[in-house]
Amino acid sequence: MNIALFTDTYLPDINGVATSTSILRNELVKHGHQVLVVTTVLPHDSSYVDDEQFVLRLPGIDLKKLYGYRASNIYSIKGMREVRDFQPNIIHIQTEFGIGIFGKIAGEILNIPVCYTYHTMWADYSHYIAPGNIKAVDQVAKKIIEKISKIYGETCSELIVPSQKTADALREYGISNSINVIGTGLQLEHFSKQNVNHKLMNEIIDQYQLKDKFVVTFLGRIAPEKSVDLLIEAMLDISKQSSHICLMIVGGGPQLDELKELVLQHHLENFVFFTGPKKKEDVPSYYHVSQLFVSASITETQGLTFIEAMASGIPVLARYDKNLDGVILDGRNGYFFDDKDDLVQKIIELSHSDLTSLCEHAVEDAMQYSSENFYKKIMNVYQKALSKHHYCYKVVSIVPDKNKSYQVSFQFDNHHVILNLPSQVVERYGLSVGQVVDREELDALKDHEQVNKAYQLALKYLTYKDYTYAKMQKRLSDKGDFDEIQIDMIMDILVQKNLIDDYEYTRNYFNRSIKLGIGINKIVYNLKKDGVSPFIIDEFLETYSQDLEYDKAIELVKKLFSENTTKPQYALIQNIKNKLFNKGFSKDVIERAISDFDFTIPKEHTKMLLTKEYHRVYNRYKNRYDSHILKSKIITFLVQKGYEYDDVIEIIEELWEESNDKN
């Protein structure tokens with residue numbers, strides 16, 4: 001399966017979302033899936049190098065108040081091109097900011113299921129929005145957060161949350177979508193005492209003078225919602241009763257400088273140590289030099305660092321929060337505390353206690369959060385999302401639009417798709433309100449919409465100057481909005497309408513250049529540079545001055561008709577008209593020759609042409625698209641070439657299984 005993970009924060013950022021996304025990515029890859037991580041560009045001062053093949057980083061601006069997050073644009077043309085080329089089966093959004101919105105847009109464009117993990121209870125972070133913590137503004141911010149959460153939760157295929165508390169809160173917001181409670185898995189083997197890095201542990205002990213100390217550690221983001229200041233205030237009381245207990249604070253964040261100043265004010269420099277943020281491979285060693293893990297935060301959605309600490313073999317002291325029910329088992333793998341005084345008492349008591357039983361239970365209880373179990377649960381959600389993503393679309397409205405086109409609205413469940421289609425496409429597919437189309441037909445109609453957009457764009461380009469086939473093809477390709485087969489389709493239309501004509505371009509260039517006194521070699525060189533085929537140039541040079549008569553026109557019509565091996569009647573007549581015109585025949589002679597000639601093609605011959613064209617298109621694109629996409633592309637291409645839709649469907653039904661069996 002191809003899975004695209006969209007997240008505003010990723011490695012080397014140190015936070016729960018970045019860690020969770022990295023673990024999910026690693027587990028998916030380990031089980032044979034292809035994964036594309038779409039995230040923001042690295043911080044300007046980062047020396048980190050992505051060691052993964054499929055990481056797409058988009059420009060973003062650091063959000064100083066949200067450590068490790070960067071604001072990105074909600075859409076990227078280049079990014080969309082790479083996501084489209086990756087051909088994801090499912091999109092999994094991890095965050096709600098620019099990249100998260102881009103993920104929703106990409107899901108709409110590609111019409112694939114979008115899963116969404118609600119990692120963070122943003123209502124607990126509203127103080128970042130409310131200036132000066134003004135209560136009225138904070139309440140408004142919480143209402144906005146509630147509405148945004150509901151929009152994301154209701155519009156995704158499947159909603160994932162890390163705890164029951166989060167699920168209950170989202171239900172209170174009014175979300176009726178199915179909610180899957182899945183605790184983030186961790187690669188617990190990294191934290192095992194069997195993988196201890198003794199060298200790094202000794203370096204940490206020496207650097208912070210931890211020998212013979214009872215080390216209590218907090219590891220995480222240093223920000224107000226984590227209540228790290230309460231831990232420091234507790235250490236002030238502890239330091240008055242014990243000199244061998246110290247607090248190690250590991251991590252970075254917007255409150256780091258403020259808390260360092262608080263430590264200085266309380267003269268706790270010998271009791272509280274700040275390490276700053278650390279590389280993920282070094283983090284286990286900070287747990288391993290500790291005797292307790294402590295946190296006063298009540299804004300955790302799951303508490304990944306709690307589980308990491310337990311897997312490292314150290315008990316946890318945590319301020320009670322419903323999200324931690326089932327993670328912290330009071331008296332078995334750690335303890336809950338109520339306030340600062342309770343925390344002080346428990347730390348001092350535990351510093352004099354045998355922690356062996358707590359440590360053993362901590363390791364044992366952490367095992368349920370393994371990344372393998374996490375992977376299995378996530379895959380079940382993906383399968384649910386795919387099974388719910390219906391592939392039948394009902395036409396709910398057809399509204400006339402400009403340029404002889406219609407806005408056609410399709411709907412399945414609560415999902416709407418609006419396409420702007422030319423009137424001839426609406427007629428050809430027989431679209432009407434109430435009609436139901438399948439996924440392949442919708443994909444084909446989307447191709448037609450793109451072709452129509454490309455056609456209008458090409459007309460705009462041609463308003464200013466003439467183009468050769470190669471130059472227009474490159475111009476549309478450089479635009480980045482159209483795939484290869486769509487460009488081939490629009491080029492066929494432009495040629496049929498005589499809007500792109502390398503013969504005419506060559507003739508005009510010859511006449512113009514000769515008048516300007518440009519030599520023949522320079523003319524040929526410039527035409528080749530513009531992408532004109534040498535065969536066209538040579539053929540034009542041979543016939544440039546000939547005056548063709550009616551009998552010559554008929555002779556050429558007969559020749560082109562007999563040599564035809566790919567075109568149906570309508571396309572053949574248009575092609576022959578273009579050939580005659582490019583050969584220099586007058587309009588009257590062309591019309592008379594076309595009128596006098598019998599272009600009737602036997603049904604057997606039409607079937608032979610269609611079969612040959614089918615095999616040509618199938619072999620050309622079979623290695624570029626998945627089976628269901630390839631089928632819709634072939635249908636669109638053959639209909640666009642002028643073959644009847646029913647004939648196309650008949651030949652595909654006849655040849656499709658045979659073609660697939662050969663491959």
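Which residues does serine 72 touch, not counting residues up to four places away in sequence? I worked on a predicted model, and there I listed Thr40, Leu58, Pro59, Gly60, Gly98 and Ile99 as the residues that serine 72 touches, with those up to four places away in sequence left out. I placed serine 72 in strand S5, residues 70-72, and I noted that serine 72 counts as buried because its relative accessibility is 13%, under the 20% cut-off. I also looked up leucine 556, which is 484 residues from serine 72 along the chain, and found the two C-alpha atoms separated by 60 Å.

**Entry: the sheet**

I next traced the open sheet, in which seven strands follow the order S3-S2-S1-S6-S7-S8-S9 with parallel pairing. I marked strand S3 (55-58) and strand S9 (179-181) as the edge strands, since each of them pairs on one side only. From one strand to the next, I recorded an average twist of 20 degrees.

I then went through the pairings of strand S1 (residues 2-6), which runs parallel to strand S2 (residues 34-40) and is joined to S2 by five bridges; in this pairing, asparagine 2 has glutamine 34 of S2 as its bridge partner. S1 is also joined to S6 by four bridges, again with the strands running parallel, and here alanine 4 is partnered by isoleucine 91 of S6. S6 in turn pairs with S7 in the parallel sense over three bridges, and I noted cysteine 115 of S7 as the bridge partner of histidine 92.

Are the residues on the two faces of S6 buried or exposed? I found both faces covered, with Ile90 and His92 on one side and Ile91 and Ile93 on the other, and all of these are buried. I kept in mind that in a regular strand the side chains alternate between the two faces of the sheet.

I also looked for what lies over these strands, and found that helix H13 (residues 371-388) lies across S1, strand S6 (90-93), strand S7 (114-117), strand S8 (158-161) and S9, running at about 160 degrees to S8.

**Entry: two helix pairs**

I described each pair by angle and distance, as two packed helices are described by the angle between their axes and the distance between the axes. Helix H2 (residues 77-86) packs on helix H3 (residues 98-110) at an angle of about 55 degrees, and their axes are 11 Å apart; H2 is therefore oblique to H3. I noted a right-handed crossing where H2 passes H3, with the contact made by Gly79, Met80, Val83 and Arg84 of H2 and by Phe102, Ala106, Ile109 and Leu110 of H3. Sorting the residues of this contact by class, I had six nonpolar, one polar and one charged.

For helix H15 (residues 439-464) and helix H16 (residues 469-479), I wrote down an angle of about 120 degrees and axes 11 Å apart, so H15 is oblique to H16. H15 passes H16 in a right-handed crossing, and the contact is made by Ala454, Leu457, Ala458, Tyr461 and Leu462 of H15 together with Met472, Arg475, Leu476 and Lys479 of H16. In this contact of H15 with H16 I counted seven nonpolar residues, no polar ones and two charged ones.

**Entry: residues in loops**

I found phenylalanine 271 in the loop between helix H8 (256-265) and strand S12 (272-276), where its relative accessible area of 16% makes phenylalanine 271 buried. Among the residues that phenylalanine 271 touches, I noted Met235, Ser239 and Cys246.

I then checked the backbone, where most residues other than glycine have a negative phi, and most peptide bonds are trans. Leucine 11 and proline 12 are joined by a cis peptide bond with omega about 15 degrees, and I located proline 12 in the loop between S1 and helix H1 (16-30). Aspartate 212 is not a glycine, yet I found a positive phi of about 65 degrees; aspartate 212 lies in the loop between helix H6 (198-207) and strand S10 (214-219) and is exposed, with a relative accessible area of 68%. Serine 227 also has a positive phi, near 55 degrees, and lies in the loop between S10 and helix H7 (228-239), but serine 227 counts as buried at 13% relative accessibility.

Methods: Residues are numbered from 1 along each chain as its sequence is written. This is a predicted model: local features need pLDDT of at least 70, side-chain atom pairs count only at pLDDT 80 or more; totals for chains, interfaces and linings use all residues. Side-chain values use heavy atoms; hydrogens and water are left out. Two strands pair if DSSP finds at least two bridges between them. Axes are lines fitted to C-alpha atoms, for helices over the stretch in contact, and angles run from 0 to 180 degrees between N-to-C directions. Contact means heavy atoms within 4.5 Å. Angles under 35 degrees count as roughly parallel, over 145 as roughly antiparallel, 65 to 115 as roughly perpendicular and the rest as oblique. A crossing is left-handed if the near helix is turned anticlockwise from the far one by less than a right angle, and right-handed if clockwise. Ala, Val, Leu, Ile, Met, Phe, Trp, Tyr, Cys and Pro count as nonpolar, Asp, Glu, Lys and Arg as charged, and the others, Gly among them, as polar. Buried means under 20% relative accessible area, exposed over 50%, partly exposed in between (1.4 Å probe, protein chains only).
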